[in-house]
Amino acid sequence: MSSLFISSAQAADGGGLLSNPTVLQFAPMIFIFVVFYFLLIRPQQQRQRKIREEQNALRRGDKVVTAGGIVGVVQATRDDANEIDVEISPGVRVKIVRSTITTILPREKPANDS
């Protein structure tokens with residue numbers, strides 16, 4: 001009958017992974033890092049990748065916004081250079097470094113007057 005009952009000394013030593021106090025101590029920090037990764041770090045990396053792809057796919061006629069807030073239309077791109085020519089006002093062209101472009105605005109659809 002004594003084999004059916006477990007002594008308190010044997011019951012206290014669970015021996016499992018969760019009984020280790022150091023694992024329990026770091027578990028909240030690990031959980032917080034995982035949450036931060038999926039809510040903050042990963043979406044930011046995806047956004048940066050998307051912007052980089054859009055910057056590399058620029059072509060004449062695209063309307064862009066630079067980091068400084070300048071809005072213009074792409075007039076010329078060079079594959080080998082890191083610069084593009086942007087017209088910011090009729091007759092005013094400037095060279096802009098490709099990486100300073102933060103937004104590529106959608107092309108305006110022609111109005112259907114019929």
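The legends below describe close-up views of a predicted model, beginning with the overall arrangement and moving on to individual residues.

Residues are numbered from 1 along each chain as its sequence is written, and side-chain values use heavy atoms, with hydrogens and water left out. Because the model is predicted, local features need pLDDT of at least 70 and side-chain atom pairs count only at pLDDT 80 or more, whereas totals for chains, interfaces and linings use all residues.

**View 1. Overall arrangement of the elements.** The secondary structure of the protein comprises two helices and five strands, where helices (H or I, at least four residues) and strands (E, at least two) are DSSP runs numbered from the N terminus. Read from the N terminus, these elements follow the order α-α-β-β-β-β-β. Of the 114 residues in the protein, 14% are buried, the classes being buried at under 20% relative accessible area, exposed at over 50% and partly exposed in between, computed with a 1.4 Å probe on protein chains only. Taking contacts (heavy atoms within 4.5 Å) between residues at least 6 apart in sequence, 35% join residues at least 24 apart.

View 2. An unreviewed UniProt entry places the feature "transmembrane region" at residues 23-41; UniProt positions are given in the numbering used here, feature names are shortened, and annotations may be inferred rather than shown by experiment. In the model this span is 100% helix and 0% strand, and its end C-alpha atoms lie 25 Å apart. The structure holds one aromatic pair, formed by Tyr37 and Phe38 in an edge-to-face arrangement with 5.1 Å centre to centre and 85° between the planes. Rings of Phe, Tyr and Trp (its six-membered ring) pair if their centres lie within 6.5 Å, and planes under 30 degrees apart count as stacked, over 60 as edge-to-face and the rest as tilted. Tyr37 is found in helix H2 and counts as partly exposed because its relative accessibility is 30%. Leaving out residues up to four places away in sequence, Tyr37 touches Arg42, Pro43 and Gln45.

View 3. Lys50 and Glu54 form a salt bridge whose closest N and O atoms are 4.0 Å apart, the term denoting a side-chain nitrogen of Lys or Arg within 4 Å of a carboxyl oxygen of Asp or Glu. These two residues are separated by about one helical turn because they are four residues apart in helix H2. Lys50 is partly exposed at 46% relative accessibility, and Glu54 is also partly exposed, with a relative accessible area of 29%. Gln55, which lies in helix H2 as well, is buried at 9% and, apart from neighbours within four places in sequence, is in contact with Arg98, Ser99, Ile101 and Ile104. Ala57 lies in the loop between helix H2 (21-56) and strand E1 (63-66), and its relative accessibility of 51% is why Ala57 counts as exposed.

**View 4. The largest nonpolar core.** The largest nonpolar core has seven residues, namely Leu58, Val64, Val74, Ile84, Val86, Ile96 and Ile101; such a core is a set of buried Ala, Val, Leu, Ile, Met, Phe, Trp, Tyr and Cys residues joined through side-chain atoms within 4.5 Å. Not counting residues up to four places away in sequence, Ile101 touches Ile51, Gln55, Leu58, Val64, Val65, Thr66 and Ile84.

View 5. Strand E2 (residues 71-77) and E3 pair in the antiparallel sense over four bridges, strands being taken to pair if DSSP finds at least two bridges between them. A hairpin joins E2 to E3 through five residues, and Thr77 stands opposite Ile84 in E3. Strand E3 (residues 83-89) also pairs with strand E4 (residues 92-97), in the antiparallel sense and over six bridges. Across this pairing, Glu83 stands opposite Val97 in E4 and Asp85 opposite Lys95 in E4. The hairpin of E3 and E4 has two residues between the strands, and Gly91 there takes a positive phi near 85°. Asp85 forms a salt bridge with Arg78, the closest N and O atoms being 3.1 Å apart; Asp85 is buried at 11% relative accessible area, whereas Arg78 is partly exposed at 28%.
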